[in-house]
Amino acid sequence: MSTPLDVDGSALLAIVERSGFPESRHLGAAALVDPDGAVVRALGDPAALVYPRSTLKLAQATAVELLGVVFDPEQTVLSAASHSGTRAHVAVVERMLADAGLDASALRCPADWPGDPVARRAASEPARITMNCSGKHAGFLAAAVAHGWELESYLDPEHPLQRHVLATVEELAGERITHLGVDGCGAPVPVLSLAGLARTASRTARAGTALGDAIRAHPWALDGPGRANTVTIERTGLVAKLGAEGVLVLVTDEGAAVAVKALDGAHRATTPTGLELLVREGLLPRGLADAALTAIADPWTTLRLAF
């Protein structure tokens, strides 16, 4: 039986140096799967269990799509986004809600300040619609309205919407959910193996899927200008999705996918690790990976991969 990711199931991913002196070391694990879902490369234990956090949004958005909800491409991306709360992001979420006959008062995610500095300075107070998960919640509400389901309890694991989402996750991951928690936005979040998470990302965000094509066409909507996911998508053509506590998935057009979890919950090593695995398997040109990493690098430190 699989166990939670721990030190024994981890590998050393990266060493961070400042002015030539080692300052931090990041342990973790990763699984790279081919388009059929088979593990072709792993660091640490690919069967180790982790909370996928916001990387699960790719599956949650796909579950909403499977319920017959039709969004335009920008709305599709926002249904899977961890957005920075810019005016452009909020406008799309407002359209999603309005199309369902709702407004921001229906959202049950916590109120939060926008992540974007400009939007944060302009905000008078935290709001649910500027919380980074508001697009996902708008997608949930749209599906509940479409099926005549009760709205107030749409985050309850026993709600028909969430039962459908979790069944979809099991099918995409190819494994049974053995533990269910609560994410930072109040939605149910299961634990998955890293291999199962990579399979889930592969099956939801490869080229030819509505979600994968929309994200590649509108990378700003998934994260925000200058932020890690948006920059990685723009520079590489991959779908990139971060989750809290050091989780990342990357998906190629063809459907190869990598899932990374940093044991310490930090993100400094996740994107470099995921990109490097794709480069070494011949799935991403070195130049594209370097362009992305240069754009998001800390100018005062050097990150050296350890595998």
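Predicted model: local features only at pLDDT ≥ 70, side-chain atom pairs only at ≥ 80, totals over all residues.
1. Let's begin with α5, which covers residues 134-146. This helix has 13 residues and reaches 18 Å from its first C-alpha to its last, close to the 18 Å expected at 1.5 Å a residue. Now for the opening question: G148 follows α5, and its phi is positive, near 70°.

2. Next, look at how covered α5 is. Because 11 of its 13 residues are buried, α5 is largely enclosed by the rest of the structure. Among the buried ones are K136, H137, F140 and L141. As for what surrounds them, the buried residues of α5 pack against α1 (57-66), α2 (73-78), α3 (87-99) and α6 (160-173).

3. Let's zoom in on one of those partners. The axes of α3 and α5 come within 9 Å and cross at roughly 10°. Angles under 35 degrees count as roughly parallel, so α3 is roughly parallel to α5. On the α3 side, V93, M96 and L97 make the contact, while α5 brings in S134, G135, A138, G139 and L141. Sort the residues of this contact by type and you get 5 nonpolar, 3 polar and no charged.

4. R199 is one of the buried residues, and so are L194, T200 and A205.

How values were computed: Residues numbered from 1 in each chain as written. Heavy atoms only, no water. Buried < 20%, exposed > 50% of the residue type's maximum accessible area, 1.4 Å probe, protein only. Helix = DSSP H or I, 4+ residues; strand = E, 2+ residues; numbered from the N terminus. Expected span 1.5 Å × (residues − 1). Contact = heavy atoms within 4.5 Å. Axes fitted to C-alpha atoms, helices over the stretch in contact; angles between N-to-C directions. Parallel < 35°, antiparallel > 145°, perpendicular 65-115°, else oblique. Nonpolar A, V, L, I, M, F, W, Y, C, P; charged D, E, K, R; others polar.
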